[in-house]
Amino acid sequence: MPEHDPQTHLGARSLDLRVPDTLLENLQLIADGVVAVAGFAVAAIRIRRGDDLELVIDTGMPEEIGTRIPAKLMLDELLLADDWGRLQFVPHERSDDGNGNGGWVVPDVAVSDDPDAWHPLDMLVAPLYDAHGELRGTLAIDEPIDGRRPDAERRRVLERFAGLASRAVLSAVERESFLEQVAMADTVKEIVRTTSAQLSLDGLLDESRRTLLDGFDAQQVWIKTVAAEGREGAEFLPEELRESLPAEIVQFAEQAARFCWHHQEVMTVGKAYAVPGPMSTQHFDHVVALLRGMGMASLVFVPLGAGPECLGSIVLMRSDPARPWSTVETSALLDIGHDLGRAALNARTFEHEHELVTELQALDTYKSQLIATVSHELKSPLTTVWGHLEMLESETLPIAPEARMSLDAIGRASRRMSRVIEDLLLLRKVGETAKPLSPTAVDLVDLVHDALAMTALSAQTKQLRLELDLPGSPVLALGEADELDKVVLNVVSNAVKYTPHGRGVRVVVGPGDAGRVVLSVHDEGIGISEADQQQLFSEFFRSTNPEAVAQPGTGLGLAIVQRIVQRHGGDVAVRSALGEGSSFTVTLPAARGALSS
């Protein structure tokens, strides 16, 4: 059997960790059987490893276990072969490399002139294919004891051994593939486990790098995410590569990532590679030369992405030329590219949301400070206006009717401005989430009576019909009395304000479900449109209904109600229709003994 030229040797590697001892023993028995039964001095079995055929069993050969020959070289030789069933025979006359030896080492032995004599350059091999026609290994036979090419009987014997070798090699390959798949699945699961809790891109890359290096037996890893929405992408690059990584590889990685994500594949660059369509062979050759200059034998580009978007890339590098990237590994890496892509997108989204929350908090703080400043600056001159207005009204000198009208207008405007300032300050107060509550038991029945007393004059003027459904004993809510007083007064006064002359308002207080108390206020007023209900609790919102706009107000009352109620752990709901009145329901946590006996 021809031997591989040492010049093309890629390095030996132990197979004991991948092929179980029982399979190695079976393969050895097959090779020994060829030697003992078929009458040959040499039998060797090779198993396909990526682009190479690796020697795993030899009987009578000087080659070391683990040496390799390119699979393509073997396949090219088989194109010249005579088909002997499972066996393929290439006579020396047909083997031609321009030098007469096909790149093989030629034993220095005498050659007989007999036409059936075995020539040192004759090749007899049984290619071992899987069910898909893929070459998985070879059984090579050499140096017949009798010095002659095998006759039909000896071929039948050799074919039986070839069949045994085929089954054993395929079992070994399938087992290796299964173990590799299990290992890669564990690596994928570990990546998902370690990165799923990461909420930052930097943390995501840091958690991923060690698993990638260990899981894929790589010497270097480079992970990079693309910039998005005005923010820089994240990157993990070992210190030793920061200065030495050529700009050509950086540019190439960006192009390769987009290309690979579009085609949903990974790209290997190294000893053997396929050049994708839009990339030139010269570019690839240049990258390969740069890699070798860095001491790297090969690398694999893995795209990171989610949906149609390429979010970055993983670049894994190996320095061992005897470790090609297997199909199982590249498939697992593509899955990891999807998983890490989704994790990167989630992290990027979280960081963006965190930035938005920070901005909103800053705006809220600014708004609160602005309200406080503006209210203070308005309050001082308003106090002066009130003081001078009281002085003018207290003067005994007669005031002309025109001047009296002006004073009245000033008074109304001042009172309205005072209400706006008070509401702004109250809105700021109840909007401070850092300000803790000091809750006590507050009787909602008492608050309703106080609110009705405050609105009694307006209700009497409009001759409203008031219906009260109040228990004879306290209904205790848990909260701050001053704030809950504002809630009840706002809801009751709104019902009185927006109910036309001669109609009714009904107020109900009582216990609710699951430790809650309820205040409901129903009116027969002008009602609220569905569109207005969507913004009803927004600050400074005024209804689009002209009848509602005609009523004085700051547009802050219901916003204050909602903030206070939510601050107390309750909720407020509205049910209304234009022309049919409105119902506001406030639900609050009950204090112990909410409905006393």
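These questions and answers look at a helix contact and a group of aromatic rings in a predicted model.

Reader: Which residues make the contact?
Author: From α10, they include Leu444, Leu447 and Val448. From α12, they include Leu484, Asp485 and Val488. The contact residues divide into 10 nonpolar, no polar and 1 charged.

Reader: What makes phenylalanine 40 and tryptophan 118 an edge-to-face aromatic pair?
Author: Their ring centres are 6.2 Å apart, and the cut-off for a pair is within 6.5 Å. The planes stand at 80°, and over 60 counts as edge-to-face. The pair links distant parts of the chain: phenylalanine 40 is in strand β2, tryptophan 118 in the loop between β7 and β8, 78 residues apart.

Reader: How do you know whether these two residues are buried or exposed?
Author: Buried means under 20% relative accessible area. Phenylalanine 40 has 0%, so it is buried. Tryptophan 118 has 10%, so it is buried too.

Reader: Why is the pair of phenylalanine 89 and tryptophan 118 called tilted?
Author: The planes are at 50°. Stacked needs under 30 degrees and edge-to-face over 60. Phenylalanine 89 lies in strand β6, 29 residues from tryptophan 118.

Reader: Which residues form the aromatic cluster?
Author: Phe40, Trp84, Phe89 and Trp118 form one cluster.

Terms used. Residues are numbered from 1 along each chain as its sequence is written. This is a predicted model: local features need pLDDT of at least 70, side-chain atom pairs count only at pLDDT 80 or more; totals for chains, interfaces and linings use all residues. Side-chain values use heavy atoms; hydrogens and water are left out. Contact means heavy atoms within 4.5 Å. Helices (H or I, at least four residues) and strands (E, at least two) are DSSP runs, numbered from the N terminus. Ala, Val, Leu, Ile, Met, Phe, Trp, Tyr, Cys and Pro count as nonpolar, Asp, Glu, Lys and Arg as charged, and the others, Gly among them, as polar. Rings of Phe, Tyr and Trp (its six-membered ring) pair if their centres lie within 6.5 Å; planes under 30 degrees apart count as stacked, over 60 as edge-to-face and the rest as tilted. Buried means under 20% relative accessible area, exposed over 50%, partly exposed in between (1.4 Å probe, protein chains only).
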